[in-house]
Structures are given as structure tokens and as C-alpha cells.
Amino acid sequence: MKKQTWIFAMLSAAMLYAGGLYAEQVYYVQSAKAKVLAEPSFRSKVVLEVVMGQALNSLGKQGSWMKISSGGKEGYVSSLLLSTRQPLNRKVVIQGDDTEIKMGVRRRASSFASAAAARGLTRDDRRRIETEEGINFTALKEVEAFTVTDEEVNRFINGGAL
Amino acid sequence: MRSPTFMALAAFAAASIAVSGAASAASENWRARSSAEDEVSSNDVAAEVAFGREISARILGRYKTYKDAKLTKYVSLVGLALTRNTNRPELEYHFTILDSDEVNAFAAPGGYVFITKGALLLMKDEAELAGVLAHEIEHIAEMHVVKDLKIKGADDSATSGLARLAGGSTESARAAFSQAIDKGFEMVFKDAYKRSDELQSDRGAVIVCALSGYDASALARYLARVRTVKGEVAETGTVTEQTHPSFAVRIAQINSVITSDGVDISGLATNQKRFDMAMNIAMPKGRRWAGD
């Protein structure tokens with residue numbers, strides 16, 4: 001290999017390496033909307049608004065803010081609203097069944113022997129085991145069944161001037 | 001369909017059954033530990049929720065829920081408005097009032113937030129409620145318990161621990177699972193978070209409240225009132241990860257964040273009337289805090 005070719009190859013490799021080191025990290029917006037501010041301060045003016053899933057190029061952190069660029073504009077977003085991963089789909093909590101209680105009974109070595117007896121639980125059995133174990137999946141399911149719609153949250157936000 | 005317990009057990013088989021409780025290297029740099037930079041898969045979230053359900057069921061085994069649908073809805077609306085300004089859109093949050101005169105709040109992984117009736121009675125406005133809920137939400141969003149106990153999901157490969165557990169988990173896996181739940185429950189129930197996590201949740205709460213339009217100084221006001229009622233938290237020994245921050249330290253930090261991040265609290269909402277209306281319907285008059 002000629003000397004010039006070798007030098008060119010080395011320089012190219014070095015540039016690629018440096019480029020990799022300083023490559024802009026991409027962050028994704030996790031909230032429905034986020035304001036991009038001109039300065040890292042809540043008092044600063046809004047440069048643009050970004051939406052969930054939008055990719056932003058990070059230009060570095062400053063306190064709790066991330067300096068970003070998007071669509072030729074630069075500004076600051078709260079880093080609490082960003083992630084290096086794209087937003088995940090909301091998980092629907094798998095409604096538990098008696099499995100939880102059976103497993104609860106089986107959790108401790110002293111009660112492994114009663115695992116078989118726990119099969120085919122009646123409602124009374126279920127309550128008794130829950131009480132003994134100090135757990136209450138029945139109440140948890142009531143908690144999970146209590147829902148509020150997105151529309152109700154929207155009205156609440158607007159009604160409270162938030 | 002997999003049960004939550006199965007998912008939590010699977011999480012353990014696949015994710016190093018390191019339930020030693022050995023916390024990761026202590027770091028006061030909260031941004032370095034931000035959930036924003038962690039890889040989190042769908043399976044991780046499923047395991048997190050399953051684990052959080054186990055802890056929540058134990059909290060509900062010790063407290064009765066406060067059965068007032070209107071007040072529960074109000075608290076949920078405040079909480080859900082806040083969660084719109086966090087980085088965990090994949091979580092389904094639940095807000096529950098516990099029928100206890102204790103002044104307390106808990107956060108179980110996966111989106112479960114609990115607040116006592118006693119805490120609500122001590123509050124003066126909606127912004128204070130938002131501050132407390134935001135603090136708990138930040139424990140969840142930043143995965144404090146989940147990270148400390150290394151709760152992660154498994155991949156779906158047939159050779160993974162998850163598959164092995166499907167046919168009947170081993171006794172050691174069950175023991176590890178039991179240990180992890182006990183440890184997680186202790187962290188949540190006894191407020192045994194690391195000092196840095198506690199302070200991170202306060203910082204995050206200020207930002208989330210400001211982003212949501214709430215008076216971000218309200219949490220400091222509330223903490224000052226709790227200190228009056230409960231007394232100051234003693235910081236024993238040197239300032240270590242195990243030392244719970246005092247109210248004085250927490251309040252000072254909240255005020256510091258408000259200044260450094262340019263939060264204009266004069267333009268933010270307290271919504272005292274709406275809070276009074278929700279509380280007065282539900283709680284007997286004369287029981288609420290009359291100090292300040």
C-alpha cells in the first residue's frame with residue numbers, strides 16, 4: 001500500500017471514530033406534548049412545541065434540561081419528558097386470578113405443603129388465605145377497576161386552568 | 001395469558017436473582033440515573049407491574065381503602081393530570097386513598113400510588129396534593145425500587161428462565177421472589193428509599209408540578225406542615241445513602257430547584273377552592289388542618 005493511501009485510510013478511520021464519539025444522541029418525547037424553550041428556564045419563551053414520539057437530537061444536558069435541535073430550531077426541554085427509547089405502548093394490567101393467592105401460599109417454605117390444599121379455592125378460602133398472608137388482591141382489583149377517562153382528565157385540566 | 005405472579009417470577013429467573021439488596025453504586029447525580037437513559041422493554045414493564053401488584057396487595061392488606069368514589073376520583077384526576085408530564089406513558093396509574101389518620105403516602109412500582117386520609121386532611125390546596133402525588137409518581141417513573149432490586153423482564157426465548165418457570169418454578173426461585181417482594185415492600189412501606197432517590201423524587205416533583213401548571217412550592221409548604229405535626233427527621237451519623245433526608249434538607253432543595261430552573265410560582269395554580277370543595281363534601285368539617 002502506498003504511503004499516501006495508508007495515511008488517507010488512517011485519517012478516514014480516525015474521523016469515523018471521532019464522529020461516532022460525538023454523534024448526537026437521539027431522544028424521544030414521552031409526554032403528549034412538550035414545550036421547547038429558548039433558555040433552560042420555565043420563564044423563557046416557547047420556541048416550538050413537540051409531540052409524543054417525536055425524535056429530537058440532543059445537544060447536551062444543562063441541569064434538568066436537555067438542549068435539543070429539531071427542524072432547524074434549537075431549544076431546551078425538561079429531560080423528565082424524554083427518553084432514549086421510543087414511547088412504549090401502555091400495558092394493560094393482566095387481571096390476576098387465584099394464582100396470586102396460590103403462589104402467595106406457596107411463597108414460604110413453611111407453607112409449601114398447603115399448596116395442594118389451596119387449589120380450587122372458595123371465596124371464603126380466598127379471604128382466609130389473604131388475611132393470613134396479609135395481602136389483599138380483592139381490594140387491589142377494586143383499585144384497578146376504578147377508572148377515569150382521558151376526556152375527564154382533559155376537562156379537569158382545563159377547569160383548573162392548568 | 002400469563003398471570004402477574006408468573007411474570008414476576010419470570011423476571012427473577014431471567015434477571016439475576018440478585019436479591020442481595022446490595023444497592024447499586026451510590027450516586028448523588030440523579031440525572032445519571034434517570035430512567036430517560038435506560039433501556040426498558042415491554043417485558044420489563046410487565047415484570048415491573050406484576051411486582052408492583054404484589055407490593056400493592058400487601059399495602060392493601062394493612063390498610064382499608066377509603067370508600068368515597070368522588071374524592072377518589074378527584075385525587076385520581078390530580079394524579080393523572082400530573083402523569084401526562086412524565087416519561088412513562090406506558091404505565092397505567094392508579095390513585096387510592098387509604099382509610100388511615102396517619103400522614104403518609106406510598107408508591108408501588110408499575111403505577112400504584114396510595115395516600116392516607118390523614119395526609120389529605122393536613123393539606124391546604126390542590127397544589128399541595130399535586131406535590132405529594134408528584135413525589136410518589138417520580139419514585140415510580142424513576143424506577144427506584146425496580147432498579148435497586150434489579151427487577152427486569154425476560155425474553156421470550158424457549159431457553160430462558162421464563163420458559164422453565166412455566167412448568168413449575170423452583171423452590172429457590174420462589175424463595176428469591178419472596179425475598180424480593182419482602183424487600184420491595186419494606187422499601188415502599190417503611191419509606192426506606194435511598195437518600196439520593198428521595199431527593200431525586202422531590203426534584204422531579206417540582207419539575208412535574210411546574211410542567212403541569214401547579215404551584216411548585218406547594219410541596220415545601222406541605223412538608224413544613226408535616227414537620228410541625230410529626231417533628232423533624234433526625235439525620236443520624238454521616239450523610240450516607242441510608243440516611244433519610246430531613247425536612248429542612250428537602251425544603252431547601254425544593255426552593256433551590258425552583259430558583260435554578262426559573263419556576264415562576266406566582267403564575268401557577270393552587271386551586272384551593274376546588275380542593276376545599278372536594279374535601280368538604282367528603283371529610284367532616286372541623287377535622288382538617290386549621291394551623292398556619
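Student: Which residues in H4(A) meet H2(B), and which ones do they meet there?
Tutor: On one side A:Phe137, A:Ala139 and A:Leu140 in H4(A) take part, and they meet B:Arg53, B:Ser56, B:Ala57 and B:Leu60 in H2(B); two residues are in contact if their C-beta atoms, placed from the backbone, lie within 7 Å. This is a predicted model, in which local features need pLDDT of at least 70 and side-chain atom pairs count only at pLDDT 80 or more, while totals for chains, interfaces and linings use all residues. Residues are numbered from 1 along each chain as its sequence is written, and chains are lettered from A and ligands numbered from 1 in the order in which they are written.

Student: What angle do those two helices pack at?
Tutor: Helix H4 (residues 137-145) of chain A and helix H2 (residues 42-62) of chain B pack at about 110°, and their axes, lines fitted to C-alpha atoms over the stretch in contact, are 8 Å apart. H4(A) is therefore roughly perpendicular to H2(B), a label for angles of 65 to 115 degrees.

Student: And what residue classes are in that contact?
Tutor: The contact of H4(A) with H2(B) has five nonpolar residues, one polar and one charged, where Asp, Glu, Lys and Arg count as charged, Ala, Val, Leu, Ile, Met, Phe, Trp, Tyr, Cys and Pro as nonpolar, and the others, Gly among them, as polar.

Student: Zooming out, how many residues does each chain give to the contact?
Tutor: Chain A gives 52 residues and chain B gives 56. In chain A, the elements that give two or more residues to the side touching chain B are strand E7 (82-83), helix H2 (98-107), H4 and helix H5 (150-159). That side of chain A has 23 nonpolar, 16 polar and 13 charged residues.

Student: What about helix and strand counts in chain B, and in chain A?
Tutor: Chain B has 12 helices and three strands, whereas chain A has five helices and seven strands; helices are DSSP runs (H or I) of at least four residues and strands (E) of at least two.

Note on methods
Axes fitted to C-alpha atoms, helices over the stretch in contact; angles between N-to-C directions. Parallel < 35°, antiparallel > 145°, perpendicular 65-115°, else oblique.
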